[in-house]
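Keep the structure open while you read.

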Amino acid sequence: MRLSILRRACGSLRIHPGSRGSGVAHKCPPAGPAGCRLILRPASGSSSGGTSPREAVRLGKKHRREDGRFESDSSLKKVVQSTKEAMVALQRKNPSIQPLLAIIQAGEDDRLLEINKKMAGKIGLNITQLCLAEQCSEDEIIEEVLKLNEDPRVHGVYLHLPPASLTSRVLDALKPEKDIDGITDLNMGRLVRGDLSKGFVSPMARAVLDLLEKHDNQLEGKTVLLVGGEGPFASALQCLMEKSGMAAVKINWSSRILKQQVMQADAVVLLGSGKMDVPSTWFRPEAAVIRYDHAAETPSESELWSLTAAYRTQNVVRSCSRWIQEQQYRPWRLRNLKLQPLTPVPSDIEISRAQMPKPVDQLAQEVGLLPEELEAYGRNKAKVRLSLLDRLHAEPDGKYVLVAGITPTPLGEGKSTVTIGLVQALTAHLKLNSFACLRQPSQGPTFGVKGGAAGGGYAQVIPMEEFNLHLTGDIHAITAANNLVAAAIDARMLHEATQSDKALFNRLVPSVNGVRRFSPIQISRLRRLGINSTDPASLTPQEVSAFVRLDLDPSKITWQRVLDTNDRFLRKITIGQASTEKGQIRETGFDIAVASEIMAILALADSLEDMRNRLACMVVGTSRSGRPVTTEDLGVSGALAVLMKDAIKPTLMQTLEGTPVFVHAGPFANIAHGNSSVLADKLALKLVGQDGFVVTEAGFGADIGMEKFFNIKCRASGLRPNVVVLVATVRALKMHGGGPNVSAGAPLPQEYIDENLSLVAGGCHSNLRKQIQIARLFGIPVVVGLNVFKTDTQAEIDLVCQIAKECGASDAVPCHHWAQGGRGSLELAHAVNEAASRPSNFQFLYDREMPIAEKIRTIAQRVYGADDIELSPAAEAKIDYYNQQGYGALPICMAKTHLSLSHMPDKKGAPTGFVLPIREVRASIGAGFIYPLVGTMSTMPGLPTRPCFYDIDLDPVTEEITGLF
């Protein structure tokens with residue numbers, strides 16, 4: 001009989017709540033004996049003949065009470081009482097937890113279940129029984145074992161199977177932490193080694209030993225003969241006896257000296273005797289004799305079986321207690337990777353390749369993640385499940401550090417490198433728990449001009465090739481989801497233009513087997529239209545028309561397709577030119593994938609449900625009547641959540657020094673908020689513990705990435721930062737102090753190579769001062785980290801640190817992580833630790849309920865330094881429209897150049913006296929912000945004359961990548 005048929009026949013998956021004393025839900029009919037049977041009977045006292053099958057234990061008259069029962073009852077009471085007390089203590093702290101024992105047995109004999117159920121009733125735990133066919137296969141057993149392994153409700157698994165079924169594959173399949181009978185190799189090894197803090201000892205072996213102790217209180221030095229028998233029980237029994245000081249001797253049934261050994265033994269345990277027999281005249285008069293026989297019947301009232309069941313339930317309660325303990329916060333046991341920096345510093349990819357990362361499962365264990373919370377993607381990276389937040393919800397958060405920067409040159413100033421250097425210093429050198437939370441890089445810059453984003457020098461995420469290329473596919477998932485929406489838009493417009501209301505309705509709500517039903521997402525649309533009926537046949541013609549026609553205005557579609565490649569020729573395209581599209585031609589374009597609103601949603605969602613709701617709220621365009629059309633109206637929002645269900649989990653990687661990193665999300669910092677995900681930060685804050693640090697990075701300068709971090713991300717997450725690290729470089733300060741323009745791909749002008757204190761001071765007193773002031777607007781202490789380059793002189797370094805402190809920074813220190821790793825950022829780590837210990841007074845820049853125009857004006861004046869804003873007529877019209885639609889309370893995400901505090905990229909330093917022009921105002925309703933456009937913003941970069949891909953190649957023999965940086 002197949003397993004599935006047997007289950008239907010006897011209801012073999014049954015949970016019996018012993019604490020309530022309820023009976024079996026579906027009784028399996030009795031069958032023949034299955035598995036091992038231990039028979040307990042008093043000796044007959046006969047002086048001749050063999051031990052009968054019913055004469056399995058002889059302990060002597062002094063160990064029997066007047067009522068004929070053995071003294072094992074006292075042991076049973078002690079075990080039951082201690083287990084009850086443990087159960088009460090467990091449920092006092094965890095009232096919702098109910099320990100559960102699962103029994104897998106071959107055959108349908110319920111007698112063992114009754115013994116265990118009776119004992120469970122005394123203790124108050126539950127039992128599940130799975131009846132397999134008597135001749136079940138190894139694979140069927142393993143299938144059930146694996147299911148129970150992954151079931152968090154099950155705390156112990158007892159394999160009540162014939163010895164032949166307990167194969168190596170079956171035992172290897174069983175999780176040792178659920179092996180409450182102590183039969184797996186790991187538990188046996190722990191027993192032999194004497195380490196029982198995590199393992200389990202065979203309940204049967206403990207019961208037999210307990211019985212022997214009642215026979216003779218002084219077991220040490222006594223000889224016990226184990227006749228026959230192999231397997232876990234025999235091995236566990238022998239080990240326990242030897243640890244109790246007894247001399248345990250094993251002998252085969254066929255041994256010629258069997259009689260001699262039996263006559264000399266103080267106790268004899270007969271294992272797997274079958275039809276073999278030992279004459280009673282061979283036993284010493286006071287010897288204890290125990291028979292362990294597979295074939296004998298199970299007496300339901302056997303004290304030994306009851307004692308075994310008691311020890312088994314005790315193991316289940318211990319397993320449950322350990323499981324609960326495993327769910328608590330775990331102190332880190334991080335093994336750092338040693339760095340040996342070279343001079344001159346090799347290329348980034350050479351440094352990355354020279355360091356062997358720890359296996360990601362080892363890293364996860366070191367930082368307190370459970371195996372079930374990890375989804376490995378190869379050896380070096382893994383997704384982390386959001387269930388971690390539920391497990392550690394009561395744990396206090398660590399300290400929250402934001403890394404921002406001054407207004408950068410087109411070359412970038414190394415915020416990612418500083419972030420990684422800081423966590424390497426905190427954890428590898430100061431031994432403080434820390435996590436870096438970084439954005440996933442787009443492949444556009446990787447193959448374009450900027451290169452990768454894994455850090456640089458001796459402050460990197462490794463392996464840098466995996467970090468910069470594909471990672472775990474999140475951006476590809478976003479691309480697929482985004483383009484599914486685009487396809488749905490154009491397909492819907494085509495079908496509405498070429499079909500009648502009736503034809504559309506019949507296809508949108510098809511009749512299946514003669515029944516027509518709305519899907520849940522269609523019912524949701526009906527509700528938004530004010531239609532309460534859920535019967536397709538009851539809709540009026542007007543309601544049918546409203547339901548089937550989104551009536552999108554082609555000129556007001558705001559949704560574009562995306563691609564994770566810099567391709568300037570996709571900025572504006574014409575679609576629908578094939579004859580099959582029946583003249584549905586319109587102009588549209590492509591954005592780079594990280595500019596998709598779905599990326600912003602991924603970065604701001606705080607749960608799978610929240611992400612699903614945000615995806616449903618995305619507005620893709622406007623109908624001809626002026627109503628916003630959402631992905632929920634298109635019927636695609638559920639499918640988007642399915643495409644994004646794995647992308648919502650942050651990816652775990654590590655730095656060059658073996659410290660943990662979360663890589664997750666990578667929204668643009670101009671039209672979006674430019675920060676890594678809320679979820680990555682929340683997971684990390686729980687993992688580092690109360691005294692640890694989470695260091696996250698904001699894109700571009702503090703006027704853009706940091707402002708959005710505070711006003712958008714912190715509103716969404718509810719988190720409050722403790723410290724801002726403001727990254728500066730001498731070359732950027734020289735540029736802001738009046739130096740010549742810097743262009744990517746062109747040699748640096750001589751002013752940036754030679755010492756020039758005047759230019760440095762000018763940049764410090766303008767841009768650096770302003771960016772410090774911006775950070776302090778939010779009430780957070782600022783530490784300036786000067787990312788040192790080899791061309792910087794000591795005088796320039798000292799000058800920057802001096803002026804930064806004068807401008808209001810709580811500290812300013814040079815950082816040499818690029819050349820030295822974490823050791824080069826120790827000053828920064830000490831400064832951050834000191835600043836984080838001070839009280840902060842965080843505050844938002846504006847109230848969400850302020851009018852949209854006033855929120856824009858507040859940012860322009862207090863952050864950028866503008867005199868005022870100037871709204872175009874189109875921008876004013878959009879603001880009015882968003883107010884009418886109820887979007888007025890959304891925060892603001894300014895879309896402006898990152899190369900200046902103003903809207904003019906060539907205006908360096910800290911410009912004043914300008915009016916900020918607002919050309920247009922758009923909204924990302926799903927992400928939850930309104931973004932005014934300041935000037936023209938490109939959302940699809942182009943390739944330069946000589947892109948990075950000229951230097952990128954693959955060795956076909958070693959499969960090593962070259963040229964990435």
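Start at P463, which sits in the loop between strand 16 (459-462) and helix 16. Bear in mind that this is a predicted model. The peptide bond running from I462 into P463 is cis, and its omega is near -10 degrees.

Move along to the loop between helix 16 and helix 17, where you'll find L471. This residue isn't a glycine, yet its phi is positive, at about 55 degrees.

How many cavities of 30 Å³ or more turn up? The count comes to two. The second largest cavity has a volume of about 50 Å³, and L471 is one of the residues lining it. Alongside L471, the lining takes in Q440, P441, Q443, F467, N468, L469, H470, I475, H476 and D564.

Helix 16 (464-468) and helix 17 (474-498) are the elements that give two or more residues to that lining. Sorted by class, the lining of the second largest cavity has five nonpolar residues, five polar ones and one charged one.

## Another cis proline

There's a second stop for anyone checking prolines: the bond from T343 to P344 is cis too, with omega near -5 degrees. P344 belongs to the loop between helix 10 and helix 11 (348-354). Helix 10 comes up again in the next sections.

## Helix 10 and its pocket

Which helix gives the largest share of the lining of the second largest pocket? That's helix 10, with seven residues. The pocket itself has a volume of about 1,500 Å³. Its lining runs to 47 residues, and E326, Q327, R330, L370 and P371 are the ones nearest the centre.

Besides helix 10, the elements giving two or more residues to this lining are helix 4 (138-150), helix 6 (185-193), helix 12 (360-366) and helix 13 (387-391). Charged residues number 19 in the lining, with 17 nonpolar and 11 polar.

## Helix 10 against helix 3

Two packed helices are described by the angle between their axes and the distance between the axes. For helix 3 (residues 111-123) and helix 10 (residues 303-327), the axes come within 9 Å and cross at roughly 55 degrees. Helix 3 and helix 10 are therefore oblique to each other, and their crossing is right-handed.

On the helix 3 side, the contact uses L112, I115, N116, M119, A120 and I123; on the helix 10 side, look for W305, S306, A309, A310, R312, T313 and V317. Those contact residues split into nine nonpolar, three polar and one charged.

## Helix 10 against helix 7

Helix 7 (residues 203-215) packs on helix 10 as well, with the axes 8 Å apart and an angle of about 130 degrees. That angle makes helix 7 oblique to helix 10. Here, too, the crossing is right-handed.

From helix 7, the residues in contact are P203, M204, R206, A207, V208, D210 and L211. They meet L304, W305, L307, T308, Y311, R312, Q314, N315 and R318 of helix 10. By class, this contact has nine nonpolar, three polar and four charged residues.

## Helix 28 and helix 32

Finally, jump to helix 28 (residues 757-777) and helix 32 (residues 852-864). Their axes lie 9 Å apart, and the packing angle is about 130 degrees. Helix 28 is therefore oblique to helix 32.

Which residues of helix 28 and helix 32 meet? K770, I774 and L777 come from helix 28, while R862, V863 and Y864 come from helix 32. This contact has four nonpolar residues and two charged ones, with no polar residues.

How values were computed:
Residues are numbered from 1 along each chain as its sequence is written. This is a predicted model: local features need pLDDT of at least 70, side-chain atom pairs count only at pLDDT 80 or more; totals for chains, interfaces and linings use all residues. Side-chain values use heavy atoms; hydrogens and water are left out. Axes are lines fitted to C-alpha atoms, for helices over the stretch in contact, and angles run from 0 to 180 degrees between N-to-C directions. Helices (H or I, at least four residues) and strands (E, at least two) are DSSP runs, numbered from the N terminus. Angles under 35 degrees count as roughly parallel, over 145 as roughly antiparallel, 65 to 115 as roughly perpendicular and the rest as oblique. A crossing is left-handed if the near helix is turned anticlockwise from the far one by less than a right angle, and right-handed if clockwise. Contact means heavy atoms within 4.5 Å. Ala, Val, Leu, Ile, Met, Phe, Trp, Tyr, Cys and Pro count as nonpolar, Asp, Glu, Lys and Arg as charged, and the others, Gly among them, as polar. On a 1 Å grid over the protein atoms alone, a cavity is a set of points where a 1.4 Å probe fits but cannot get out, and a pocket is an open set with protein on both sides within 12 Å along at least five of seven lines; lining residues have an atom within 4 Å of a point. Grid points are joined across faces, edges and corners, and a volume is the space filled by probe spheres set on the points.
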